[in-house]
Amino acid sequence: MAEYDYLIVGGGLFGACFARVMTERGKRCFVVEKRETVGGNVATEQIEGITVHKFGAHIFHTSDKRVWEFVNRFAEFNNFINSPIANYKGKLYNLPFNMHTFYQLWGCKTPSEARAIIDAQRAAVGIKEPSNLEEKALMSVGEDVYKTLIKGYTEKQWGRDCKYLPSFIIGRVPLRFVYDNNYFNDKYQGIPLGGYTEFVKNILGDTEVLLGADYFADRDKFDKMADNVLYTGPIDRFFGYKYGALEYRSLRFETEIMDTDDYQGNAVVNYTDFETPFTRIIEHKHFDRTQASDKTVVTREYPEKFAEGGDPYYPINDAKNTELYKKYAALAKKTPNVLFGGRLAEYRYYDMDDTVAAVFEMTDLLL
Ligand SMILES: Cc1cc2nc3c(=O)[nH]c(=O)nc-3n(C[C@H](O)[C@H](O)[C@H](O)COP(=O)(O)OP(=O)(O)OC[C@H]3O[C@@H](n4cnc5c(N)ncnc54)[C@H](O)[C@@H]3O)c2cc1C
């Protein structure tokens, strides 16, 4: 019998929650993490007394009571409400698209005035069956919202003209005819005080973790340690890129310490014009305003092409990559004693609450 029941590859949110649930049900777990810290993409660090989100702004939001109660065991969450601002060519707009935004765009004050403008713009577009993202956005929100708040941002994010992007990328674009800048509709929302890395450490508790160790550097040794493996890294890498590499969009973060106590007065400002090379500026101290500092830390987020060895952020779930993923998923199904979980192993965008819920689903089935 091996020393552990589960070798967990990856100390991100999926791996940590899996370790916690299984340990509490009597299983012995060991985590191997290639980075020097746990947390994966939700990791935070302390700079100038401010909690900095290292890999993009992370706001926990969910309507799932089981998930919310679980995460609250490992951190105290504050009452942060995400209310991003859009900056289009120097003019500011509230997000998500709501009565504040419509007032800023057109000066209209009532829902019926706003609806009339949007309906007229939709009708003028005259598209019934969208064949690309631009058409879908135009028929959902009309020209002004699309051109001011969607087009430039989306083109920077995906590195392509919206006319050449598939329509499924944006899904349904919600319009709110009330004055409400709360970005998320979920029942629960907040940021863990002390940062996500501490939160993930608390989830892991006493689980043994080996940091700075790549599973593939010593795969045989690691495999022998446990009866089963939970793998949360990229699925194509697990199979030696046998069918080719899955594609992602990547991001580059430029973080700067500034000699001012407040730079932009808000946690998230999106730059929605095409000319500004970054998509957003995050000012980290606004996620937790109890952190007093006479400095501030801001991060500019630049979308980038994903190159081998780079950081995978957003899966490109187009037809080509979906087919490729299906081939890897079929191999995964046939691989005994290995489970595949999380955003990289399942090649899908998972919010944090979906990640925790997916762990529950997997562990409920196992136990
Ligand atoms: C820019 C951005 C912003 C986001 N913002 C939000 C938000 O506001 N709210 C929200 O709910 N969600 C957000 N998310 C989603 C959130 O980041 C994910 O839900 C979460 O990170 C998924 O955790 P995971 O464990 O599946 O993956 P990861 O965090 O990627 O963890 C995988 C871990 O495995 C390790 N690993 C990989 N390969 C190996 C190997 N060979 N050996 C050892 N270790 C390995 C990695 O180093 C990593 O630590 C955002 C995502 C992005 C990209």
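1. Quick definition before anything else: two strands pair if DSSP finds at least two bridges between them. By that rule, strand E1 (residues 4-9) and strand E10 (residues 226-231) are partners, with five bridges in the parallel sense. Leu-7 sits opposite Val-229 in E10. Keep in mind that this is a predicted model.

2. Zooming out, the order E9-E2-E1-E10-E16 makes up an open sheet of five strands, with parallel pairing. The edges go to strand E9 (208-210) and strand E16 (338-340); each has a single partner strand, so one side of each has no neighbour in the sheet. On average, neighbouring strands here are turned by 20° against each other, direction ignored.

3. Now the helix on this sheet. H1 lies across E1, strand E2 (29-32), E10 and E16, and runs at about 165° to E1.

4. On to the ligand. There are 35 residues around the ligand, and Glu-33, His-58, Ile-59, Tyr-350 and Met-352 come nearest. The shell splits into 19 nonpolar, nine polar and seven charged residues.

5. With Arg-343, a polar side-chain atom lies 2.8 Å from an oxygen atom of the ligand.

6. How much of the ligand's accessible area does the protein cover? The figure is 97% of the 1,000 Å² that the ligand has on its own. Helix H1 (13-24) and helix H10 (352-366) are the elements that give two or more residues to the shell.

How values were computed. Residues numbered from 1 in each chain as written. Predicted model: local features only at pLDDT ≥ 70, side-chain atom pairs only at ≥ 80, totals over all residues. Heavy atoms only, no water. Near = heavy atom within 4 Å. Polar contact = N/O pair within 3.5 Å; in protein donor to acceptor, adjacent residues only side chain to side chain. Areas by Shrake-Rupley, 256 points an atom, 1.4 Å probe, with all protein chains shown as cover. Helix = DSSP H or I, 4+ residues; strand = E, 2+ residues; numbered from the N terminus. Nonpolar A, V, L, I, M, F, W, Y, C, P; charged D, E, K, R; others polar. Axes fitted to C-alpha atoms, helices over the stretch in contact; angles between N-to-C directions. Contact = heavy atoms within 4.5 Å.
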